[in-house]
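Please look through this model with the paragraphs below beside it.

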Amino acid sequence: MPHKDAEDKSIAIDTLLPGVCLGDEGCSFFLYRQEFPLEHAIGDIPLGDALLCCGREIALSACDDSLLAFDPRTSCFMDTETTGLAGGAGTVAFLVGIGYFQGAKFVLEQCFLRDYDDEGAMLEYLSEKLAQFSTVVSYNGKSFDLPLLRSRFVQHRLEFPLEKTSHYDLVHAARRVWKKRLNNCALNNIEKEVLGLHRHGDVPGYLIPQLWLHYLDTRDARPLTPVFYHHEMDILSLVALTGYLSQRLAKDSVATFHHAEDRLSVVRLYVKNKEYKSAITEAQRFLESSQVPDELRRECLALLGQACKRVELFEDMASTWALMHKEFPEDPLAASELAKYREHQERNYAEAINVCRETLKRIEDNATPLDFSISALRGRLARLEKKQARLGMYNNNEDI
(Lines give C-alpha, C1' and ligand atoms only; values in the text may rest on other atoms or scores of the structure.)
Protein backbone atom coordinates (compact mmCIF):
# COMPACT_ATOMS: atom_id res chain seq x y z
CA MET A 1 0.00 0.00 0.00
CA PRO A 2 1.54 3.43 -1.03
CA HIS A 3 2.45 5.91 1.65
CA LYS A 4 -0.21 8.57 2.34
CA ASP A 5 2.21 11.42 1.43
CA ALA A 6 2.82 9.80 -1.95
CA GLU A 7 -0.94 9.56 -2.56
CA ASP A 8 -1.43 13.24 -1.76
CA LYS A 9 1.55 14.42 -3.77
CA SER A 10 -0.35 15.06 -7.03
CA ILE A 11 -3.07 17.62 -6.34
CA ALA A 12 -4.71 19.27 -9.37
CA ILE A 13 -5.41 23.00 -9.29
CA ASP A 14 -9.10 22.51 -10.15
CA THR A 15 -9.57 20.57 -6.91
CA LEU A 16 -8.43 23.63 -4.93
CA LEU A 17 -10.03 26.49 -6.87
CA PRO A 18 -13.46 26.44 -8.57
CA GLY A 19 -12.21 27.17 -12.07
CA VAL A 20 -12.65 25.60 -15.49
CA CYS A 21 -10.37 24.33 -18.21
CA LEU A 22 -10.79 26.14 -21.54
CA GLY A 23 -9.56 24.98 -24.93
CA ASP A 24 -9.69 21.60 -26.58
CA GLU A 25 -8.33 18.15 -25.84
CA GLY A 26 -5.00 18.98 -27.42
CA CYS A 27 -4.44 22.34 -25.67
CA SER A 28 -6.26 23.96 -22.77
CA PHE A 29 -5.58 26.17 -19.75
CA PHE A 30 -7.11 26.72 -16.33
CA LEU A 31 -9.32 29.79 -15.82
CA TYR A 32 -10.29 30.96 -12.35
CA ARG A 33 -13.03 33.62 -12.46
CA GLN A 34 -14.26 35.68 -9.52
CA GLU A 35 -16.76 38.51 -9.13
CA PHE A 36 -16.52 41.29 -6.53
CA PRO A 37 -19.21 43.81 -5.55
CA LEU A 38 -18.32 47.47 -6.04
CA GLU A 39 -18.36 47.89 -2.25
CA HIS A 40 -15.51 45.39 -1.83
CA ALA A 41 -12.73 47.39 -0.19
CA ILE A 42 -8.99 47.12 -0.71
CA GLY A 43 -7.70 48.57 2.51
CA ASP A 44 -9.80 51.71 2.92
CA ILE A 45 -10.81 52.06 -0.75
CA PRO A 46 -13.90 50.43 -2.36
CA LEU A 47 -13.35 49.04 -5.86
CA GLY A 48 -16.27 51.15 -7.10
CA ASP A 49 -14.28 54.35 -6.50
CA ALA A 50 -12.42 53.62 -9.73
CA LEU A 51 -15.65 54.14 -11.65
CA LEU A 52 -15.50 57.82 -10.65
CA CYS A 53 -12.23 58.27 -12.51
CA CYS A 54 -12.01 61.03 -15.06
CA GLY A 55 -9.60 61.11 -17.98
CA ARG A 56 -8.17 64.47 -16.92
CA GLU A 57 -6.81 63.13 -13.63
CA ILE A 58 -5.51 59.94 -15.23
CA ALA A 59 -3.72 61.89 -17.97
CA LEU A 60 -2.36 64.33 -15.39
CA SER A 61 -0.85 61.62 -13.20
CA ALA A 62 0.58 59.81 -16.25
CA CYS A 63 1.79 63.01 -17.98
CA ASP A 64 0.17 61.55 -21.08
CA ASP A 65 -2.61 63.37 -22.96
CA SER A 66 -3.49 60.19 -24.86
CA LEU A 67 -5.22 59.08 -21.64
CA LEU A 68 -7.67 62.00 -21.60
CA ALA A 69 -10.29 59.63 -23.01
CA PHE A 70 -9.72 57.10 -20.19
CA ASP A 71 -12.92 55.25 -19.27
CA PRO A 72 -12.79 52.79 -16.35
CA ARG A 73 -15.65 50.76 -17.83
CA THR A 74 -13.64 49.96 -20.96
CA SER A 75 -10.32 49.46 -19.16
CA CYS A 76 -8.54 46.24 -18.32
CA PHE A 77 -6.48 45.95 -15.12
CA MET A 78 -3.67 43.52 -15.81
CA ASP A 79 -0.82 41.74 -14.05
CA THR A 80 1.33 38.69 -14.76
CA GLU A 81 3.34 36.18 -12.77
CA THR A 82 6.32 34.86 -14.70
CA THR A 83 9.15 32.36 -14.56
CA GLY A 84 11.66 35.17 -14.04
CA LEU A 85 12.33 38.89 -14.25
CA ALA A 86 15.05 38.78 -16.92
CA GLY A 87 12.61 38.61 -19.83
CA GLY A 88 13.75 37.10 -23.10
CA ALA A 89 12.50 34.15 -25.11
CA GLY A 90 12.77 31.71 -22.20
CA THR A 91 10.56 33.70 -19.80
CA VAL A 92 6.93 32.60 -19.67
CA ALA A 93 3.89 34.25 -18.05
CA PHE A 94 2.32 31.26 -16.33
CA LEU A 95 -0.39 33.32 -14.61
CA VAL A 96 -2.05 36.21 -16.46
CA GLY A 97 -4.78 38.19 -14.73
CA ILE A 98 -7.27 40.60 -16.27
CA GLY A 99 -9.83 42.53 -14.29
CA TYR A 100 -12.66 44.69 -15.60
CA PHE A 101 -15.94 46.27 -14.57
CA GLN A 102 -19.11 44.59 -15.73
CA GLY A 103 -22.33 46.23 -14.59
CA ALA A 104 -22.39 46.52 -10.81
CA LYS A 105 -19.47 44.19 -10.22
CA PHE A 106 -15.77 43.80 -10.85
CA VAL A 107 -14.72 40.63 -12.64
CA LEU A 108 -11.29 39.07 -12.17
CA GLU A 109 -10.05 36.33 -14.48
CA GLN A 110 -6.82 34.47 -13.72
CA CYS A 111 -5.44 32.41 -16.60
CA PHE A 112 -3.09 29.68 -15.38
CA LEU A 113 -0.72 27.36 -17.24
CA ARG A 114 -0.69 23.85 -15.83
CA ASP A 115 2.24 23.21 -18.14
CA TYR A 116 4.10 24.95 -20.95
CA ASP A 117 1.82 23.30 -23.51
CA ASP A 118 -1.16 25.29 -22.19
CA GLU A 119 0.25 28.61 -23.40
CA GLY A 120 -1.20 28.55 -26.92
CA ALA A 121 -4.78 28.12 -25.67
CA MET A 122 -4.34 30.85 -23.07
CA LEU A 123 -2.96 33.33 -25.60
CA GLU A 124 -5.79 32.63 -28.04
CA TYR A 125 -8.30 33.32 -25.28
CA LEU A 126 -6.49 36.51 -24.25
CA SER A 127 -6.27 37.65 -27.85
CA GLU A 128 -10.04 37.78 -28.13
CA LYS A 129 -10.61 39.06 -24.60
CA LEU A 130 -8.08 41.89 -24.59
CA ALA A 131 -9.24 43.25 -27.94
CA GLN A 132 -12.42 44.47 -26.19
CA PHE A 133 -10.65 47.09 -24.04
CA SER A 134 -9.61 50.65 -24.87
CA THR A 135 -7.02 50.99 -22.08
CA VAL A 136 -4.83 48.63 -20.08
CA VAL A 137 -3.84 49.53 -16.50
CA SER A 138 -0.73 47.95 -15.01
CA TYR A 139 2.05 48.43 -12.47
CA ASN A 140 5.37 48.52 -14.34
CA GLY A 141 3.66 46.87 -17.29
CA LYS A 142 5.29 49.15 -19.86
CA SER A 143 8.74 47.90 -18.94
CA PHE A 144 7.95 44.27 -18.18
CA ASP A 145 4.49 42.69 -18.50
CA LEU A 146 3.45 43.93 -21.93
CA PRO A 147 6.82 43.45 -23.68
CA LEU A 148 6.89 39.91 -22.28
CA LEU A 149 3.34 39.15 -23.44
CA ARG A 150 4.08 40.65 -26.85
CA SER A 151 7.04 38.30 -27.27
CA ARG A 152 4.90 35.29 -26.31
CA PHE A 153 2.22 36.25 -28.86
CA VAL A 154 4.89 36.66 -31.53
CA GLN A 155 6.36 33.25 -30.74
CA HIS A 156 2.92 31.71 -31.23
CA ARG A 157 2.41 33.69 -34.45
CA LEU A 158 -0.53 35.59 -32.99
CA GLU A 159 -1.23 39.29 -33.38
CA PHE A 160 -0.67 41.16 -30.12
CA PRO A 161 -4.08 42.61 -29.18
CA LEU A 162 -2.72 45.52 -27.10
CA GLU A 163 -0.45 47.00 -29.78
CA LYS A 164 -2.54 50.16 -30.20
CA THR A 165 -4.26 50.14 -26.80
CA SER A 166 -3.67 53.08 -24.44
CA HIS A 167 -1.61 52.15 -21.41
CA TYR A 168 -1.84 53.63 -17.93
CA ASP A 169 1.22 52.45 -16.00
CA LEU A 170 0.58 53.26 -12.37
CA VAL A 171 4.16 52.77 -11.24
CA HIS A 172 5.17 56.05 -12.89
CA ALA A 173 2.17 57.92 -11.47
CA ALA A 174 2.89 56.51 -8.00
CA ARG A 175 6.51 57.61 -8.15
CA ARG A 176 5.55 61.13 -9.20
CA VAL A 177 3.20 61.49 -6.24
CA TRP A 178 4.73 59.40 -3.43
CA LYS A 179 8.45 59.03 -4.16
CA LYS A 180 9.29 62.16 -2.15
CA ARG A 181 7.66 60.78 0.98
CA LEU A 182 7.94 57.00 0.71
CA ASN A 183 11.06 56.47 -1.40
CA ASN A 184 9.97 52.83 -1.83
CA CYS A 185 7.15 52.77 -4.40
CA ALA A 186 6.83 49.00 -4.72
CA LEU A 187 3.15 48.08 -4.95
CA ASN A 188 3.08 46.28 -1.59
CA ASN A 189 4.50 49.37 0.13
CA ILE A 190 2.02 51.69 -1.63
CA GLU A 191 -0.75 49.36 -0.46
CA LYS A 192 0.29 49.70 3.18
CA GLU A 193 1.19 53.38 3.24
CA VAL A 194 -1.50 54.77 0.92
CA LEU A 195 -4.42 52.33 0.72
CA GLY A 196 -4.18 51.04 4.28
CA LEU A 197 -4.00 47.43 3.10
CA HIS A 198 -2.18 44.69 5.00
CA ARG A 199 -2.23 41.34 3.25
CA HIS A 200 -2.73 38.07 5.12
CA GLY A 201 -1.76 34.69 3.72
CA ASP A 202 0.44 36.16 1.02
CA VAL A 203 3.63 34.77 -0.50
CA PRO A 204 6.72 36.89 -1.29
CA GLY A 205 6.88 37.73 -4.98
CA TYR A 206 10.44 36.48 -5.42
CA LEU A 207 9.34 32.94 -4.44
CA ILE A 208 6.54 32.70 -7.00
CA PRO A 209 8.58 31.50 -10.04
CA GLN A 210 10.17 28.80 -7.89
CA LEU A 211 6.76 27.62 -6.65
CA TRP A 212 5.44 27.18 -10.19
CA LEU A 213 8.54 25.28 -11.31
CA HIS A 214 8.23 23.09 -8.23
CA TYR A 215 4.59 22.45 -9.16
CA LEU A 216 5.67 21.24 -12.63
CA ASP A 217 7.87 18.66 -10.95
CA THR A 218 5.49 17.50 -8.22
CA ARG A 219 2.03 18.28 -9.67
CA ASP A 220 1.07 19.38 -6.15
CA ALA A 221 -0.90 22.61 -6.62
CA ARG A 222 -1.42 23.31 -2.92
CA PRO A 223 1.53 25.72 -2.57
CA LEU A 224 0.07 27.72 -5.47
CA THR A 225 -3.08 28.91 -3.69
CA PRO A 226 -1.16 31.78 -1.99
CA VAL A 227 0.22 32.66 -5.45
CA PHE A 228 -3.32 33.09 -6.79
CA TYR A 229 -4.13 35.26 -3.76
CA HIS A 230 -0.99 37.37 -4.29
CA HIS A 231 -1.89 37.84 -7.95
CA GLU A 232 -5.50 38.65 -7.12
CA MET A 233 -4.47 41.33 -4.63
CA ASP A 234 -2.04 42.88 -7.10
CA ILE A 235 -4.86 43.46 -9.59
CA LEU A 236 -7.45 44.60 -7.05
CA SER A 237 -4.90 47.05 -5.67
CA LEU A 238 -4.50 48.53 -9.16
CA VAL A 239 -8.22 49.24 -9.21
CA ALA A 240 -8.26 50.83 -5.75
CA LEU A 241 -5.13 52.87 -6.41
CA THR A 242 -6.54 54.21 -9.68
CA GLY A 243 -9.67 55.39 -7.88
CA TYR A 244 -7.74 56.82 -4.94
CA LEU A 245 -5.32 58.81 -7.07
CA SER A 246 -7.94 60.11 -9.47
CA GLN A 247 -10.22 61.39 -6.71
CA ARG A 248 -7.41 63.29 -5.00
CA LEU A 249 -6.33 64.96 -8.21
CA ALA A 250 -9.88 66.00 -9.12
CA LYS A 251 -10.31 69.77 -8.85
CA ASP A 252 -13.81 69.61 -7.38
CA SER A 253 -13.12 66.73 -4.97
CA VAL A 254 -13.20 67.08 -1.20
CA ALA A 255 -10.65 64.25 -0.96
CA THR A 256 -7.12 65.64 -0.74
CA PHE A 257 -3.57 64.60 0.00
CA HIS A 258 -2.69 65.13 3.65
CA HIS A 259 1.10 64.75 3.74
CA ALA A 260 3.16 67.80 2.84
CA GLU A 261 5.44 65.79 0.54
CA ASP A 262 2.47 64.47 -1.42
CA ARG A 263 0.91 67.92 -1.75
CA LEU A 264 4.17 69.33 -3.08
CA SER A 265 4.33 66.45 -5.55
CA VAL A 266 0.98 67.61 -6.93
CA VAL A 267 2.43 71.09 -7.52
CA ARG A 268 5.36 69.48 -9.30
CA LEU A 269 2.94 67.37 -11.34
CA TYR A 270 1.06 70.44 -12.54
CA VAL A 271 4.30 72.13 -13.58
CA LYS A 272 5.44 69.01 -15.44
CA ASN A 273 2.11 68.95 -17.30
CA LYS A 274 2.38 72.69 -18.05
CA GLU A 275 -0.83 73.40 -16.13
CA TYR A 276 0.77 76.48 -14.65
CA LYS A 277 -2.34 78.21 -13.32
CA SER A 278 -3.28 75.10 -11.35
CA ALA A 279 0.31 74.88 -10.14
CA ILE A 280 0.13 78.45 -8.88
CA THR A 281 -3.12 77.81 -7.03
CA GLU A 282 -1.82 74.63 -5.39
CA ALA A 283 1.54 76.17 -4.55
CA GLN A 284 -0.04 79.19 -2.87
CA ARG A 285 -2.34 76.92 -0.90
CA PHE A 286 0.65 74.80 0.13
CA LEU A 287 2.70 77.82 1.25
CA GLU A 288 -0.20 79.02 3.41
CA SER A 289 -0.08 75.75 5.35
CA SER A 290 1.51 75.68 8.76
CA GLN A 291 4.51 73.53 9.69
CA VAL A 292 5.88 73.08 6.19
CA PRO A 293 9.51 71.93 6.39
CA ASP A 294 12.06 74.39 4.98
CA GLU A 295 13.21 71.96 2.30
CA LEU A 296 9.67 71.60 0.94
CA ARG A 297 8.88 75.30 1.25
CA ARG A 298 12.02 76.13 -0.68
CA GLU A 299 11.12 73.80 -3.55
CA CYS A 300 7.55 75.06 -3.62
CA LEU A 301 8.71 78.66 -3.93
CA ALA A 302 10.94 77.65 -6.83
CA LEU A 303 8.05 75.89 -8.58
CA LEU A 304 5.76 78.86 -7.96
CA GLY A 305 8.31 81.28 -9.40
CA GLN A 306 8.72 79.14 -12.50
CA ALA A 307 4.95 78.81 -12.98
CA CYS A 308 4.39 82.57 -12.64
CA LYS A 309 7.09 83.18 -15.23
CA ARG A 310 5.44 80.79 -17.69
CA VAL A 311 2.12 82.62 -17.57
CA GLU A 312 3.85 86.03 -17.58
CA LEU A 313 2.76 87.07 -14.09
CA PHE A 314 6.04 88.89 -13.73
CA GLU A 315 5.22 90.90 -10.61
CA ASP A 316 4.06 87.77 -8.80
CA MET A 317 7.15 86.01 -10.07
CA ALA A 318 9.40 88.76 -8.70
CA SER A 319 7.63 88.70 -5.33
CA THR A 320 8.12 84.94 -5.15
CA TRP A 321 11.84 85.10 -5.99
CA ALA A 322 12.28 87.98 -3.53
CA LEU A 323 10.57 85.97 -0.77
CA MET A 324 12.67 82.93 -1.58
CA HIS A 325 15.83 85.03 -1.59
CA LYS A 326 14.88 86.50 1.78
CA GLU A 327 14.12 83.12 3.38
CA PHE A 328 16.94 81.21 1.66
CA PRO A 329 19.62 83.82 0.86
CA GLU A 330 22.14 81.11 -0.01
CA ASP A 331 20.00 79.70 -2.83
CA PRO A 332 21.62 80.43 -6.22
CA LEU A 333 18.42 79.87 -8.22
CA ALA A 334 16.44 82.49 -6.30
CA ALA A 335 19.34 84.95 -6.54
CA SER A 336 19.82 84.38 -10.25
CA GLU A 337 16.13 84.75 -11.11
CA LEU A 338 15.69 87.80 -8.90
CA ALA A 339 18.82 89.40 -10.38
CA LYS A 340 17.42 88.80 -13.88
CA TYR A 341 14.23 90.61 -12.93
CA ARG A 342 16.08 93.54 -11.33
CA GLU A 343 18.27 93.84 -14.42
CA HIS A 344 15.83 93.37 -17.29
CA GLN A 345 12.51 94.59 -15.90
CA GLU A 346 13.54 97.26 -13.40
CA ARG A 347 16.88 98.23 -14.98
CA ASN A 348 18.25 98.31 -11.45
CA TYR A 349 21.75 96.96 -12.05
CA ALA A 350 23.06 97.93 -8.64
CA GLU A 351 20.36 95.90 -6.88
CA ALA A 352 20.89 92.96 -9.23
CA ILE A 353 24.60 93.03 -8.35
CA ASN A 354 23.80 93.20 -4.63
CA VAL A 355 21.57 90.14 -4.86
CA CYS A 356 24.31 88.11 -6.56
CA ARG A 357 27.02 89.29 -4.17
CA GLU A 358 24.93 88.60 -1.08
CA THR A 359 24.19 85.03 -2.12
CA LEU A 360 27.75 84.25 -3.19
CA LYS A 361 29.05 85.57 0.12
CA ARG A 362 26.60 83.34 1.99
CA ILE A 363 27.70 80.36 -0.05
CA GLU A 364 31.39 81.05 0.54
CA ASP A 365 30.87 81.66 4.26
CA ASN A 366 29.03 78.35 4.60
CA ALA A 367 31.54 76.49 2.42
CA THR A 368 28.76 75.22 0.17
CA PRO A 369 30.14 72.86 -2.52
CA LEU A 370 30.40 74.36 -5.99
CA ASP A 371 27.90 73.35 -8.63
CA PHE A 372 26.80 74.63 -12.02
CA SER A 373 24.19 77.04 -10.63
CA ILE A 374 26.80 78.72 -8.43
CA SER A 375 29.22 79.03 -11.34
CA ALA A 376 26.40 80.51 -13.42
CA LEU A 377 25.66 83.02 -10.65
CA ARG A 378 29.31 84.04 -10.56
CA GLY A 379 29.20 84.51 -14.32
CA ARG A 380 26.06 86.63 -14.02
CA LEU A 381 27.69 88.82 -11.39
CA ALA A 382 30.78 89.34 -13.54
CA ARG A 383 28.64 90.28 -16.53
CA LEU A 384 26.54 92.69 -14.46
CA GLU A 385 29.65 94.39 -13.05
CA LYS A 386 31.06 94.87 -16.56
CA LYS A 387 27.73 96.19 -17.77
CA GLN A 388 27.51 98.63 -14.88
CA ALA A 389 31.07 99.78 -15.52
CA ARG A 390 30.32 100.41 -19.20
CA LEU A 391 27.21 102.36 -18.31
CA GLY A 392 29.22 104.40 -15.81
CA MET A 393 31.80 105.25 -18.45
CA TYR A 394 29.06 106.19 -20.92
CA ASN A 395 27.38 108.47 -18.37
CA ASN A 396 30.70 110.15 -17.54
CA ASN A 397 31.32 110.84 -21.23
CA GLU A 398 27.83 112.32 -21.53
CA ASP A 399 28.59 114.68 -18.64
CA ILE A 400 31.79 115.84 -20.35
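R157 is found in the loop between helix 4 and strand 9 (166–169). In this predicted model, phi of R157 is near 60°, a positive value in a residue other than glycine. R157 has a relative accessible area of 80%, so R157 is exposed. A second residue to look for is N140, which is not a glycine but has a positive phi of about 70°. N140 belongs to the loop between strand 8 and helix 4. Its relative accessible area is 28%, and N140 is therefore partly exposed.

Next come the aromatic rings. The count of aromatic pairs comes to 14. In one of them, the ring centres of Y32 and F228 are 6.2 Å apart and the ring planes stand at 70°, which means that the pair is edge-to-face, because an angle over 60 degrees counts as such. Y32 is in strand 2 (residues 28–37) and F228 is in helix 8 (residues 225–249), so this pair links distant parts of the chain, 196 residues apart. Y32 and F228 are both buried.

Another aromatic pair is made by Y100 and F133, whose centres are 5.6 Å apart with 45° between the planes, and this pair is tilted. Here too, distant parts of the chain are linked: Y100 sits in strand 6 (residues 93–102), F133 sits in the loop between helix 3 (119–130) and strand 8 (135–138), and the two are 33 residues apart. Both Y100 and F133 are buried.

Ring pairs can also join into a group. Y32, F112, Y215 and F228 are linked by ring pairs into a cluster. One member of this cluster, Y215, has R219 over its face, at 5.2 Å from the ring centre. A charge over a ring is also found at Y244, where the charged end of R248 sits 3.7 Å from the ring centre.

Charged residues can also meet each other. Side chains of opposite charge can pair when their charged atoms come close. How many salt bridges does the structure hold? The number is 29. R199 takes part in a salt bridge with E191, with 2.7 Å between the closest N and O atoms. Both R199 and E191 are buried. R199 also meets D202 in a salt bridge, at 3.1 Å from N to O. R199 counts as buried because its relative accessibility is 17%, under the limit of 20%. D202 has a relative accessible area of 31%, so D202 is partly exposed.

K309 and E337 form a further salt bridge, in which the closest N and O atoms are 3.6 Å apart. K309 is in helix 11 (residues 294–310) and E337 is in helix 13 (residues 332–344), so the pair ties together parts that are 28 residues apart in sequence. K309 is partly exposed, because its relative accessible area is 37%. E337, at 11% relative accessibility, counts as buried.

The last topic is empty space. Rolling a probe the size of a water molecule over the atoms shows where empty space is left. The largest pocket holds about 800 Å³ of space. Its lining has 30 residues, and D79, L187, G205, H230 and D234 are the closest to its centre. The elements that give two or more residues to this lining are strand 5 (75–82), helix 4 (141–155), helix 5 (170–182), helix 6 (187–195), helix 7 (208–218) and helix 8. Which element gives the most to the lining of the largest pocket? Strand 5 does, with five residues. Sorted by class, the lining of the largest pocket has 14 nonpolar, seven polar and nine charged residues.

The second largest pocket holds about 370 Å³ of space. It is lined by 17 residues, and R248, A250, T256, E282 and R285 lie nearest its centre. Helix 8, helix 9 (260–272) and helix 10 (276–287) each supply at least two residues of the lining of the second largest pocket. Helix 10 gives the most to this lining, with six residues. By class, the lining of the second largest pocket has seven nonpolar, four polar and six charged residues.

Definitions and conventions. Residues numbered from 1 in each chain as written. Heavy atoms only, no water. Phe/Tyr/Trp six-rings, centres within 6.5 Å; stacked < 30°, edge-to-face > 60°. Helix = DSSP H or I, 4+ residues; strand = E, 2+ residues; numbered from the N terminus. Buried < 20%, exposed > 50% of the residue type's maximum accessible area, 1.4 Å probe, protein only. Lys NZ or Arg CZ within 6 Å of the ring centre and 35° of its normal. 1 Å grid on protein atoms, 1.4 Å probe; cavity = no way out; pocket = protein on both sides within 12 Å on 5 of 7 lines; lining within 4 Å. Points joined across faces, edges and corners; volume = space filled by probe spheres on them. Nonpolar A, V, L, I, M, F, W, Y, C, P; charged D, E, K, R; others polar. Salt bridge = Lys/Arg side-chain N within 4 Å of Asp/Glu carboxyl O.
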